[in-house]
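Here are my notes on the model you sent over, point by point. Have the viewer open while you read.

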Amino acid sequence: MEQTRDVIFITDGDEAARKTVEFVARELGCRAISASAGNPSKLKGEELAALVLRIPHSPVLVMFDDCGYRDEGPGEQLMRYLHNREDIRVLGAVAVASQTHSSEWSNVHFSIDRYGEVTHLGVDKEGLADLEVNRINGDTVYILDELKLPLVIGIGDIGKMRGQDQTKKGCPITKKAVEMILERSGYRGANV
């Protein structure tokens, strides 16, 4: 019988995001699929699924990026593909804010601002609380509502947020978002 892999979607895949996600994965005992990074994501669904299933243990952090593609782009198509597989269980998503050219947005359960505070408001690219309640504007978030994930957490631009999420500071915002998804999914403590 095939083993199911637990994954967390990260809706960014630029170089800063890749470094941040790899760092957080090491810190928390997760694995990261670096090959899904890129601006935009370039893998095909079958290729990405094969990489996820090749990882010996869960949880797996998977990056997706649309590079500003209007409406449903390549990153979101990959999200849908993984979400629809029976051998992959999506625990949640870290929805990353951006200054998107189109007006893409998604509902979030809550956000974490650049100071590490949990808020019912959305956050902007800089990680500052926005005016929208439980809503975030971003590049690769168009599909999240449709997928009805158990937990979607909004954050600012991953690995950045005016230096507050850099690796030299331990990527505290991204790390907190991933930790919260893991905790609510039944994983306990770091180094799962």
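1. Let's begin with helix α2. Its face turned away from the buried side carries the exposed residues Glu46 and Arg54. Keep in mind throughout that this is a predicted model.

2. Now the other side of that helix. Helix α2 runs over residues 45–54, and its buried residues are Gly45, Leu48, Ala49 and Val52. Why do they end up on the same side of α2? They cover an arc of only 100 degrees around the axis, so they share that side. As for what they pack against, the list is β1, β2 (31–33), β3, α3 and β4 (88–96).

3. Next, the aromatics. A search of the whole structure turns up 1 aromatic pair. The two rings belong to Phe9 and Phe64: their centres are 4.8 Å apart and their planes sit at 75 degrees, and because an angle over 60 counts as edge-to-face, that is what this pair is. Phe9 is in strand β1 (residues 5–10), while Phe64 is in the loop between β3 (60–63) and α3 (74–83), so the pair ties together parts that are 55 residues apart in sequence. Both Phe9 and Phe64 are buried.

4. How many salt bridges does the count come to? It comes to 11.

5. Arg18 is partly exposed, with a relative accessible area of 22%. Glu15 is partly exposed too, with a relative accessible area of 43%. Glu22 has 18% relative accessibility, and because buried means under 20%, Glu22 counts as buried.

6. Another salt bridge joins Arg85 and Asp87, with the closest N and O atoms 2.9 Å apart. Here Arg85 counts as partly exposed at 24% relative accessibility, whereas Asp87 counts as buried at 12%.

7. Which residues are linked in a network of salt bridges? Asp14, Lys125, Asp157 and Lys160 are. I'd display those four side chains together when you go through the model.

8. Last one: Glu146. You'll find Glu146 in helix α4, which spans residues 144–147. At 49% relative accessibility, Glu146 counts as partly exposed, since the cut-off for exposed is over 50%. The side chain of Glu146 is joined to that of Arg80 by a polar contact of 2.7 Å. Along the chain, Glu146 and Arg80 are 66 residues apart, and their C-alpha atoms are separated by 9.2 Å.

Key
Residues are numbered from 1 along each chain as its sequence is written. This is a predicted model: local features need pLDDT of at least 70, side-chain atom pairs count only at pLDDT 80 or more; totals for chains, interfaces and linings use all residues. Side-chain values use heavy atoms; hydrogens and water are left out. Rings of Phe, Tyr and Trp (its six-membered ring) pair if their centres lie within 6.5 Å; planes under 30 degrees apart count as stacked, over 60 as edge-to-face and the rest as tilted. Helices (H or I, at least four residues) and strands (E, at least two) are DSSP runs, numbered from the N terminus. Buried means under 20% relative accessible area, exposed over 50%, partly exposed in between (1.4 Å probe, protein chains only). The arc is that of the directions from the helix axis to the C-beta atoms. Contact means heavy atoms within 4.5 Å. A polar contact is a pair of N or O atoms within 3.5 Å; within protein, one must be able to donate a hydrogen and the other to accept it, and residues adjacent in sequence count only if both atoms are side-chain atoms.
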